[in-house]
Amino acid sequence: MSSFNVSDTGYYGNFGGAYIPEMLFPNVEELRSNYLEIITSEDFQNQFEQLLETYVGRPTPLYYADRLSKKYGTKIYLKREDLCHTGAHKVNNTIGQILLAKKLGKEKIIAETGAGQHGVATATVCALMGMECIGYMREVDMGRQRPNVERMKILGADVKAATSGSKTLKDATNEAMRHWINNPDDTHYIIGSVVGPHPYPDMVARFQSVISKEIKHQLSRVENSDSPDYVIACVGGGSNAAGAFYHFLDDDNVKLIAAEAAGHGIETGKSAATTFIGKSGVLHGSKTLLMQTKDGQVVEPHSISAGLDYPGIGPLHAHLFDSKRALFYAITDEEAMIAGVELSKLEGIIPAIESAHALAVLDKIKFDQNDIVVLNLSGRGDKDLETYIKWGKY
Ligand SMILES: *Cc1c(COP(=O)(O)O)cnc(C)c1O
């Protein structure tokens, strides 16, 4: 077992654990004591793989980006998670969790969603499985993420505005938690990234690990080796990066590169560059790195991409940073937008602005011409059209 796998008590080095109110303990404990046995069973694996293939459209291609490679003087492969059903990697996890919820005998699903991408991925699989879905969202986000709210509703979900509390970013999570405490028997809470109390980070990483499993297989057919020199991914909470890194965590020859959102710049107070300005603390049920004031108040993050606009990172990534196993780069809004337009013009692929943060790293590393670089293209840019238009420089 690698030191980058979660420990029995739910830790990655100094980070992780389950810091939850006592009233939530039975729910989380039910999950913790059952998840491994269920998700590693042959029956579960068969159903999961079948849906990934026939519903999500996996395996996603590993595409050799020839013009992009020429531009950066190295060999760049794009792992095309943007081609997943619903347009991003998030559905890999929601499929896994809803199958698990079924096995646990649950009938309802709750989720909280900021930008709405996770809400859409959750509402999608609830429709697929005929399960009731309640999505909690901050009132402000319901306004600015209107298309995703309507998508969720079309898919049959009940979208609830989190209005209580201080209207901070934690409200939607708190409302979902409250619902779960009151309905422990029939409800499963689907978390959308490698965050939250143990076992969520490990569970989500395992569902997303299909990404690196496929990369190894696909690379071995076109190169002499099944391990690249670099794997690059963007990090919001960290689930697409966790999936892309997973089967390479123990392979020191593979450099793991994470791109965080520097927003207007890490010194400006308007960023989401957690590893650069964050400190150790407890966020959403786990000990991790988060952006906070001196007295421990969570700092409101900023990123041009909704999916990276999160004040923390998952505990696995906090450990990868702490142990220097992964290298972190902070990419500004402007750098990401330039990289997004560059990929569009060089390869005919308009990336999600989250993924464009990973692309912007290409300009910051001195690659050898024989290096094999795999970049995880986490999502497609359709949802970001308004942002591209507003930015306007293309
Ligand atoms: C949500 C999202 C992300 C960020 O989430 P992670 O858990 O860090 O992967 C990245 N890219 C896209 C396209 C997303 O929708």
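1. A salt bridge here is a side-chain nitrogen of Lys or Arg within 4 Å of a carboxyl oxygen of Asp or Glu. In this predicted model, the side chains of Glu 49 and Lys 213 form such a pair, with N to O at 3.9 Å. The pair counts because 3.9 Å is within the 4 Å limit.

2. On the division of the protein: domain 1 takes in 19-51 + 90-204, and domain 2 takes in 57-88 + 209-391. The centres of domain 1 and domain 2, taken over C-alpha atoms, are separated by 23 Å. To the contact, domain 1 contributes 21 residues and domain 2 contributes 29 residues.

3. On the area: interface size is often expressed as the accessible area lost when the parts come together. For domain 1 and domain 2 the buried area is about 2,000 Å², and carbon and sulfur atoms give 62% of that area.

4. Polar contact between the two domains is counted at six residue pairs, with both residues at pLDDT 80 or more. On the side of domain 1 that touches domain 2, at least two residues each are supplied by helix H4 (90-103), helix H5 (117-129) and helix H9 (200-208). H4 gives the largest share of that side, three residues. Sorted by class, the side of domain 1 that touches domain 2 holds nine nonpolar, eight polar and four charged residues.

5. On Val 56: this residue lies in helix H2, residues 42-56. Is Val 56 buried or exposed? Its relative accessibility is 2%, so it falls under the 20% cut-off and counts as buried. With neighbours within four places in sequence left aside, Val 56 is in contact with Leu 51, Leu 83, Cys 84, His 85, Val 91, Asn 92 and Ile 95. From Val 56 to Asp 202 there are 146 residues in sequence and 21 Å in space, C-alpha to C-alpha.

6. On Arg 67: helix H3 (residues 66-72) holds this residue. Arg 67 is partly exposed because its relative accessible area, 48%, lies between the 20% and 50% cut-offs. Apart from neighbours within four places in sequence, the contacts of Arg 67 are Lys 345, Leu 346 and Glu 347. Which atom of Lys 345 does the side chain of Arg 67 reach? The side chain reaches the backbone oxygen of Lys 345, at 3.4 Å. Lys 383 is 316 residues from Arg 67 in sequence, and the two are 25 Å apart in space, C-alpha to C-alpha.

Terms used:
Residues are numbered from 1 along each chain as its sequence is written. This is a predicted model: local features need pLDDT of at least 70, side-chain atom pairs count only at pLDDT 80 or more; totals for chains, interfaces and linings use all residues. Side-chain values use heavy atoms; hydrogens and water are left out. Domain bounds come from an automatic or database domain assignment. Contact means heavy atoms within 4.5 Å. Buried area is the accessible area (1.4 Å probe) that two parts lose on being put together, summed over both. A polar contact is a pair of N or O atoms within 3.5 Å; within protein, one must be able to donate a hydrogen and the other to accept it, and residues adjacent in sequence count only if both atoms are side-chain atoms. Helices (H or I, at least four residues) and strands (E, at least two) are DSSP runs, numbered from the N terminus. Ala, Val, Leu, Ile, Met, Phe, Trp, Tyr, Cys and Pro count as nonpolar, Asp, Glu, Lys and Arg as charged, and the others, Gly among them, as polar. Buried means under 20% relative accessible area, exposed over 50%, partly exposed in between (1.4 Å probe, protein chains only).
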